[in-house]
Amino acid sequence: MNLYECLVCGLVYDEAKGLPEAGIAPGTRWEEVPEDWKCPECGVGKDEFDQVNP
């Protein structure tokens, strides 16, 4: 499982944990997150996230 970090606010999306409070179940791969999903902290789209090493 991978980690993805928002380049704007620093929120980290962990595929293993998901973001249940934002409607994304644990185990959801980044590719499976809807393309129109927005960062719950700052509102930017998936294109503003980069994969990071754990």
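Contact is taken here to mean heavy atoms within 4.5 Å. The structure is a predicted model, in which local features need pLDDT of at least 70 and side-chain atom pairs count only at pLDDT 80 or more, whereas totals for chains, interfaces and linings use all residues. Residues are numbered from 1 along each chain as its sequence is written, and side-chain values use heavy atoms, with hydrogens and water left out.

Under the contact criterion, and not counting residues up to four places away in sequence, Leu11 touches Tyr4, Glu5, Cys6, Leu19, Cys39, Pro40, Glu41 and Phe49. Leu11 is also one of the twelve residues of the largest nonpolar core, which is made up of Tyr4, Cys6, Leu11, Tyr13, Leu19, Ile24, Trp30, Val33, Trp37, Cys39, Val44 and Phe49. A nonpolar core denotes a set of buried Ala, Val, Leu, Ile, Met, Phe, Trp, Tyr and Cys residues joined through side-chain atoms within 4.5 Å; buried stands for under 20% relative accessible area, exposed for over 50%, and partly exposed for values in between (1.4 Å probe, protein chains only).

Val44, a member of this core, lies in the loop between strand 2 and strand 3, where helices (H or I, at least four residues) and strands (E, at least two) are DSSP runs numbered from the N terminus. Its relative accessibility of 18% places Val44 in the buried class. Apart from neighbours within four places in sequence, Val44 is in contact with Cys6, Val8, Trp37, Lys38, Cys39 and Phe49. Ala16 is located in the loop between strand 2 and strand 3, but is partly exposed at 41% relative accessibility. Contacts of Ala16, again not counting residues up to four places away in sequence, are made with Met1, Pro26 and Gly27, while the C-alpha atoms of Ala16 and Glu48, 32 residues apart along the chain, are separated by 20 Å.

With a disulfide defined as a pair of cysteine sulfur atoms within 2.5 Å, the count comes to zero. Cys6 takes part in no disulfide, the nearest cysteine sulfur being that of Cys42 at 3.7 Å; this separation is too far for a bond. Cys6 is buried, with 2% relative accessibility, whereas Cys42 is partly exposed, with a relative accessible area of 34%.

A pair of aromatic rings is described by the distance of the centres and the angle of the planes. Rings of Phe, Tyr and Trp (its six-membered ring) were paired if their centres lie within 6.5 Å, with planes under 30 degrees apart counted as stacked, over 60 as edge-to-face and the rest as tilted. The structure holds five such pairs. In one of them, formed by Tyr13 and Trp30, the ring centres are 5.4 Å apart and the planes stand at 45 degrees, so the pair is tilted. Because Tyr13 lies in strand 2 (residues 12-14) and Trp30 in the loop between strand 2 and strand 3 (49-52), this pair ties together parts that are 17 residues apart in sequence. Trp30 also pairs with Trp37 in an edge-to-face arrangement, with 5.8 Å from centre to centre and 85 degrees between the planes. Tyr13 and Trp30 are buried, and Trp37 is likewise buried. Tyr4, Tyr13, Trp30, Trp37 and Phe49 form one aromatic cluster.

Lys46 lies over the face of Trp30, at 5.0 Å from the ring centre, by the criterion that NZ of Lys or CZ of Arg is within 6 Å of the ring centre and within 35 degrees of the ring normal. Lys46, which is buried at 8% relative accessibility, also forms a salt bridge with Glu35, the closest N and O atoms being 3.3 Å apart. Both Glu35 and Lys46 are in the loop between strand 2 and strand 3, eleven residues apart, and Glu35 is exposed at 64% relative accessibility.

A salt bridge requires a side-chain nitrogen of Lys or Arg within 4 Å of a carboxyl oxygen of Asp or Glu, and by this rule the count comes to two. Arg29 and Glu15 also meet in a salt bridge, at 3.2 Å from N to O, and this pair links positions 14 residues apart in the loop between strand 2 and strand 3. Arg29 is partly exposed, with a relative accessible area of 35%, whereas Glu15 is buried at 0% relative accessibility.
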